[in-house]
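Here are a few friendly notes to read alongside the model. I have kept them as numbered points so that you can check each one on screen.

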Amino acid sequence: MLNFNSEYQDPISNGLQFCQDVLAIIMDHFPILGNRLAININELSDSFSPELFNTELAQSVISVLDFYKDKSLDEWSTRANNQFPIQISGKTEILNVITELTLAQSSQNNEKRILCHLDINTIPQNQGFRFNKNDVSSFICEAKKIICNIINDFEGLDRFE
């Protein structure tokens, strides 16, 4: 997000459109070709009670060693990556779709939240300078579908309590 306001956040699509518009202006004025494209997003859950860790969902997401069983976790994280093909301006590109969930705790009021970090990027194996302004628009359009899917799943985590 571009600005954090606990009372209101613009939809992710607005932030992506803003970034696309800024990049289009820059790429119109300078002869820029990109070799990789990436979007990084952080989303913070609503605060939750410690009982969330006792749900079946939490047990399927949080894998811990026996040492940690029946102990209160002060922090944890889980990370997943999938390489996923998309079409960017009619060309097939492979993306890394990385999602990391991390327990975050406020130092001010000990409120616990889950931070969801998304990193969607074209794989580093193809380093050719090939992405222009139209490709950025196509990439954002395709990546937005993935982002919305993951964010909807993330925002629904508390529905499984």
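1. Is Thr-122 buried or exposed? Thr-122 counts as buried because its relative accessibility is 0%; buried means under 20% relative accessible area, exposed over 50%, and partly exposed in between (1.4 Å probe, protein chains only). You will find Thr-122 in strand β4. Strands (E, at least two residues) and helices (H or I, at least four) are DSSP runs, numbered from the N terminus.

2. A word on the ground rules: this is a predicted model, in which local features need pLDDT of at least 70 and side-chain atom pairs count only at pLDDT 80 or more, while totals for chains, interfaces and linings use all residues. Residues are numbered from 1 along each chain as its sequence is written, and side-chain values use heavy atoms, with hydrogens and water left out.

3. Back to Thr-122: setting aside neighbours within four places in sequence, its contacts (heavy atoms within 4.5 Å) include Asn-35, Arg-36, Leu-37, Glu-93 and Phe-131. Glu-93 will turn up again below in a salt bridge with Arg-130.

4. Do look at the largest nonpolar core, which has 27 residues. Such a core is a set of buried Ala, Val, Leu, Ile, Met, Phe, Trp, Tyr and Cys residues joined through side-chain atoms within 4.5 Å. Ile-39, Leu-95, Leu-118, Ile-120, Phe-139, Ile-146 and Ile-147 touch the most other members. At least two residues each come from α1 (12-29), β1 (38-44), β2 (77-88), β3 (91-105), β4 (112-122) and α3 (133-155), with α3 giving the largest share, 9 residues.

5. Beyond its neighbours within four places in sequence, Leu-118 contacts Ile-39, Asn-40, Ile-41, Ile-98, Thr-99, Ile-147, Ile-150 and Ile-151.

6. The structure has 4 salt bridges, each a side-chain nitrogen of Lys or Arg within 4 Å of a carboxyl oxygen of Asp or Glu. In one of them, Arg-130 pairs with Glu-93, the closest N and O atoms being 3.0 Å apart. Arg-130 lies in the loop between β4 and α3 and Glu-93 in strand β3, so this pair ties together parts 37 residues apart in sequence. Both Arg-130 and Glu-93 are buried.

7. Asp-135 and Lys-91 also form a salt bridge (3.7 Å, N to O). This pair links helix α3 to strand β3 across 44 residues. Asp-135 counts as buried at 2% relative accessibility, whereas Lys-91 is partly exposed at 38%.
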